[in-house]
Each structure stands twice: as C-alpha cells, then as structure tokens.
Amino acid sequence: NCSMADPLHEWLENTVQPTAQRTFGESVISIDVAASYACRPRNNQRGAKMSEHGFGNAIDIAAFTLESGRKVTVAKGWRGGSGERRFLHAIHDQACGPFRTVLGPDADRAHWDHIHLDLQNRRSGSSYCR
C-alpha cells in the first residue's frame, strides 16, 4: 500500500545505496522482490493471524543487483563473503526504525532467503527486528 512507499524509498536511498557504494564501490540498480501483497495468514499457517503481506504492509527482498551486474542474494550472501555479509547485515540492521518488523535469515527458517520489512502496528509502539 502507499504507506510502504516512503519508508521503502528512504531506506533504499539513504541506507542501501550508500552502503553499496561503501562496500562495493557501485550502486544498486535493481532489487528482487520475493513477495509483496499476498492475502494470506502469517507464514501461510492455517488459523494464524493475517500476515502484513495481506494488508499490503510488507515486502520481502531476496537480492540486490549492482551496476556491474553482480547479484548479491540474501540466501548466499548472509553467511557468504565478507563484503556481501557486511552489506546485507548493515542494511538489515538499519531498516529497524523505518520499518516496524525486520526479519532476516537469523530470525527463523521461513526467512532464510530474504529480508522481510513491514509496518505492523503494535500496541507498545515498538519494533521487532531479528
């Protein structure tokens, strides 16, 4: 939904791009979206609460393509070479704040190959980042 556009744009421009420049010396030219809007329960579990994907409040990013054509995937890079690992962990950690939920491969098995970003409102107003 439209409320995802601003924080996603800000994160891509102010976190992802500068981190890519510092780490790889080049810009990100595209991202691979693993999932966005999907009317389904959390983790596709019958009887679970509605996923933030079902409200259009979430996006899952699986990879980043650099200017050179190099693709940095979450699946391989999260525990891969030092540059990829540093890049992915930094952008994951810095997403906490603009987004209310940030999940990556260290969160659980369901997120082994992507970074999940969402805007779930919690009564406490807090964020959940793993």
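**View 1. The disulfide of the predicted model.** With a disulfide defined as a pair of cysteine sulfur atoms within 2.5 Å, the count comes to one disulfide. Cys96 and Cys129 form this bond, with their sulfur atoms 1.9 Å apart. The pair links distant parts of the chain, 33 residues apart: Cys96 lies in the loop between helix H3 (82-95) and S4, and Cys129 in strand S6 (residues 128-129). Helices (H or I, at least four residues) and strands (E, at least two) are DSSP runs, numbered from the N terminus. The torsion about the S-S bond of Cys96 and Cys129 is about 85 degrees, so the disulfide is right-handed. This is a predicted model, in which local features need pLDDT of at least 70 and side-chain atom pairs count only at pLDDT 80 or more, whereas totals for chains, interfaces and linings use all residues. Residues are numbered from 1 along each chain as its sequence is written, and side-chain values use heavy atoms, with hydrogens and water left out.

**View 2. Cys2 and Cys39.** The sulfur of Cys2 is 18 Å from the closest cysteine sulfur, in Cys39, too far for a bond. Cys2 is exposed, with a relative accessible area of 73%, and Cys39 counts as exposed at 57%. Buried denotes under 20% relative accessible area, exposed over 50%, and partly exposed in between (1.4 Å probe, protein chains only).

**View 3. Strand S5 and its partners.** In strand S5 (residues 115-118), Ile115 and Leu117 on one side and His116 and Asp118 on the other are all buried. Strands pair if DSSP finds at least two bridges between them. Strand S2 (residues 58-66) pairs with S5 in the antiparallel sense over four bridges, and Ala58 stands opposite Asp118. Strand S4 (residues 101-103) pairs with S5 in the antiparallel sense over three bridges; the bridge partner of Val102 in S5 is Leu117.
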